[in-house]
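Please view the sequence and the structure first.

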Amino acid sequence: MQNFQLYERASTTEKSYSRENWQGGYQSLTEEFDYWIDDIEGEIPPELNGTLFKNGPGLFDINGQNIHHPFDGDGMISKITFTNGRAHFRNRFVRTEGYIEEQKAGKILYRGVFGTQKPGGWLANAFDFNLKNIANTNVIYWGGKLLALWEAAEPHKLDPQTLETLGKEQFDGVLSEDEAFAAHPRFDPHCEQNNGEPCLVNFSIKPGLSTTITIFELDNTGKIVRKNAYSVPGFAFIHDFVITQNYCILFQNPVAFNPLPFALGMRGAGECIKFQPNQPTKVIVIPRKPNIAKEGNKNGMQILEAQSGFVFHHANAFEKDSEIVIDSICYETLPEVEAGNDFRETDFDALKPGQLWRFYLNLENNQVRRELIESRCCEFPCVHPEKVGRDHRYLYMGAGHANSGNAPLQAWEKVDLQTGEKQLWSAAPHGFVSEPNFVPRDMPKASSFANRNGDEDDGWVLGLVYDSTHHRSDVVILDAKDLNKEPIARLHLKHHIPYGLHGNFVNEVFV
């Protein structure tokens with residue numbers, strides 16, 4: 001890998017990547033490992049103690065039968081544990097019912113949301129709505145439980161030491177069988193309704209002609225203490241949301257869903273979603289406290305309209321003066337999943353990049369305005385865990401190496417929202433990055449976000465980087481204060497980790 005400054009001087013006209021190199025990160029990893037990492041450049045900070053959990057698809061084929069889209073791949077948890085200057089790696093597939101059945105049968109038995117079909121053509125798939133819970137999107141540790149999340153069904157509970165699958169988690173019966181529990185919970189470090197103790201806030205979507213949005217709040221023991229449902233007009237395709245101290249905010253992207261090709265076995269559900277560029281993006285604002293409902297509005301929910309765009313991921317939100325401020329990665333249009341296409345042959349130049357925008361919501365006049373913060377291709381934003389729902393200065397995210405155009409994520413970027421300064425560490429030309437995780441130097445316990453000392457950017461940026469030269473992944477540790485510097489440490493794994501989705505760091509040591 002090379003840092004950003006060296007590579008910029010080396011070439012300003014050629015692409016920072018080759019598609020062939022990028023494709024290596026989409027090879028299945030069938031083996032499960034358990035070992036201490038001994039191939040290390042630099043030194044692991046001795047005060048970095050805890051566990052980084054990551055989730056993502058680990059299989060892109062079943063016994064040679066390819067899945068259509070990586071989002072249909074079976075979930076695989078990776079665990080990197082840091083303790084006393086050393087690091088341990090373990091990975092394991094989530095033993096969902098579908099994973100066990102398909103591994104035993106040696107073939108695809110389930111349709112996937114994003115276009116994977118059972119062998120046999122449309123006749124074999126028609127009117128089969130039995131989708132596999134693939135548990136592949138996120139992994140969280142809350143209330144003493146490690147949970148693998150997939151937004152269309154309930155979580156799977158895992159052993160945090162061994163990653164053994166223990167069964168489905170329904171929170172003492174509050175979740176019903178196959179009830180959705182989204183893959184993007186938000187951790188409120190100081191919940192006023194819980195007397196200042198932390199809580200987890202999450203949502204679920206039940207789409208239809210009208211969509212039901214359910215908001216869950218869990219105390220720090222993992223018990224669901226609040227659950228409220230809201231109905232919004234139209235079909236909603238919502239992957240992420242944000243919270244403030246008083247509100248939950250969801251962006252209802254302007255899409256239409258035609259269920260007929262899915263029902264007739266011709267396409268996956270995700271292939272039946274079409275972006276509607278002439279329709280506005282709707283911003284749904286739901287109060288977390290009943291006493292802040294607007295007069296004349298029984299449940300307090302408000303729906304505002306913004307300029308058309310598509311949002312997968314938000315960074316954070318907070319209240320300032322009379323507005324709600326939201327930082328989000330916004331696309332001009334939805335990158336649609338096409339039947340018959342091979343995701344490994346993605347033409348990045350033909351797609352519009354995600355960019356960082358700041359939205360301002362005025363709940364008094366129902367107006368939304370926005371401004372562009374970063375035009376560089378970017379995704380997977382994060383902030384300091386103590387700043388969730390509160391005004392933040394620094395934001396970290398995956399980014400393209402070049403400052404314009406669309407490309408695979410090869411860099412991590414830091415944005416100072418106060419000064420406008422931007423820092424970039426790049427793994428180009430042979431490296432491809434995953435979601436970054438910001439870890440404060442004084443990382444609080446997962447079950448008790450204590451008041452912290454020090455600067456907001458005092459800590460590390462951790463993440464996985466696929467090294468296409470050696471077909472392996474590195475765990476990279478950066479100084480969060482200065483991403484322009486070389487890494488503090490690179491931990492070379494013995495194998496690659498397929499491109500993943502989301503994960504979290506906790507300071508509990510599981511080894």
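Lysine 157 is partly exposed, having a relative accessible area of 25%. Here, buried means under 20% relative accessible area, exposed means over 50%, and partly exposed lies in between (1.4 Å probe, protein chains only). This is a predicted model, in which local features need pLDDT of at least 70 and side-chain atom pairs count only at pLDDT 80 or more, while totals for chains, interfaces and linings use all residues. Residues are numbered from 1 along each chain as its sequence is written, and side-chain values use heavy atoms, with hydrogens and water left out.

The side chain of lysine 157 meets that of glutamate 169 in a salt bridge, at 3.9 Å from N to O. Lysine 157 belongs to strand 10 (residues 156-158) and glutamate 169 to the loop between strand 11 (165-168) and strand 12 (186-188), so the pair ties together parts 12 residues apart in sequence. Glutamate 169 is buried, with a relative accessible area of 5%. Strands (E, at least two residues) are DSSP runs, numbered from the N terminus.

## Further salt bridges

The structure holds 35 salt bridges, each defined as a side-chain nitrogen of Lys or Arg within 4 Å of a carboxyl oxygen of Asp or Glu. One of them joins arginine 186 and aspartate 240, whose closest N and O atoms are 3.0 Å apart. Arginine 186 lies in strand 12 and aspartate 240 in the loop between strand 15 (224-233) and strand 16 (242-243), so this pair connects parts that are 54 residues apart in sequence. Both arginine 186 and aspartate 240 are buried.

Arginine 490 and glutamate 486 also form a salt bridge, at 3.4 Å from N to O. Arginine 490 is buried, with a relative accessible area of 9%, whereas glutamate 486 is partly exposed at 39%. Salt bridges with shared partners join Asp188, Glu217, Arg226, Arg288 and Arg390 into one network.

## Aromatic rings

There are 26 aromatic pairs in the structure. Rings of Phe, Tyr and Trp (its six-membered ring) pair if their centres lie within 6.5 Å; planes under 30 degrees apart count as stacked, over 60 as edge-to-face and the rest as tilted. Phenylalanine 237 and phenylalanine 310 form a tilted pair, with 5.7 Å between centres and 50° between planes. Phenylalanine 237 is in the loop between strand 15 and strand 16, and phenylalanine 310 is in strand 22 (residues 310-320), 73 residues apart. Both phenylalanine 237 and phenylalanine 310 are buried.

Note on methods. Helices (H or I, at least four residues) and strands (E, at least two) are DSSP runs, numbered from the N terminus.
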